[in-house]
Amino acid sequence: MAQNSRKKPNILVTGTPGTGKTTTSFSLAEATQLRHINIGELVREKNLHDGWDDQFDCHIINEDLENGGAMESIISYHHLGRKSAIWVSSVHELEDLMEEGGNIVDYHGCDFFPERWFDRVVVLQTDNSVLYDLSTSVAGGGEESYPEDIVVALKSDTVDDITRNVASLTDWVRSWQPKA
């Protein structure tokens with residue numbers, strides 16, 4: 001997918017459970033009218049997992065989904081303040097959505113997605129000592145998996161932090177230009 005073919009940017013919002021990924025993504029979608037795609041919700045609702053990982057407090061994504069295998073699922077997303085859905089019969093359709101642009105993908109990990117999908121990778125971090133080891137591993141993954149110039153780590157400890165993050169990201173979306 002050529003990045004310059006998109007008219008709107010794609011953003012990955014990542015971080016450990018409890019950092020405000022979904023709240024940030026939903027609020028950003030409302031502010032920018034971009035599509036919010038919650039991957040965890042997709043995996044949970046459509047049983048696209050192989051069980052629960054207690055260490056990371058999340059579902060283990062089914063290998064068929066990870067490897068681009070066929071799936072028949074509905075991706076729930078928020079657009080213009082309403083919950084909507086897209087029927088997805090394969091990961092290739094998700095690829096088409098990403099090529100179109102205008103997506104905010106909400107997921108706790110970042111190594112699952114192709115680098116070419118995103119124009120900005122937001123790693124939400126918290127000072128919560130319980131989440132310290134997990135947030136370090138997620139943040140490190142984002143910085144290692146994507147070009148340094150598209151990764152931004154944002155503090156997400158309070159509602160005020162989320163409000164500031166959404167305002168900052170909204171400004172970024174409004175000023176975003178496709179790369180030539």
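Select Q33 to begin: this residue sits in the loop between α1 and β2 (35–38). Helices here are DSSP runs of H or I with at least four residues, strands are runs of E with at least two, and both are numbered from the N terminus. Look at the backbone of Q33, where phi is near 65 degrees, a positive value in a residue other than glycine. Most residues other than glycine have a negative phi. Q33 is partly exposed, at 46% relative accessibility; buried means under 20% relative accessible area, exposed means over 50%, and partly exposed is in between, using a 1.4 Å probe and protein chains only.

A note before moving on: this is a predicted model, in which local features need pLDDT of at least 70, side-chain atom pairs count only at pLDDT 80 or more, and totals for chains, interfaces and linings use all residues. Residues are numbered from 1 along each chain as its sequence is written, and side-chain values use heavy atoms, with hydrogens and water left out.

Now colour helix α1 (residues 21–32) and helix α6 (residues 159–175). Their axes lie 9 Å apart and the helices pack at an angle of about 45 degrees. Axes are lines fitted to C-alpha atoms, for helices over the stretch in contact, and angles run from 0 to 180 degrees between N-to-C directions. How are α1 and α6 placed relative to each other? They are oblique, a word for angles that are not under 35 degrees (roughly parallel), over 145 (roughly antiparallel) or 65 to 115 (roughly perpendicular).

Show the side chains between them next. T23, T24, S27, L28, A31 and T32 of α1 meet I162, V166, L169, T170, V173 and R174 of α6; contact means heavy atoms within 4.5 Å.

Stay in helix α6 and pick N165. Is N165 buried or exposed? N165 is buried, with a relative accessible area of 7%. Leaving aside neighbours within four places in sequence, N165 is in contact with L124, L154, K155 and S156.

Next, go to T16, in the loop between β1 (10–14) and α1. T16 counts as buried, at 2% relative accessibility.

Finally, zoom out to the whole chain. You can count 6 helices and 9 strands. Of the 180 residues, 49% count as buried.
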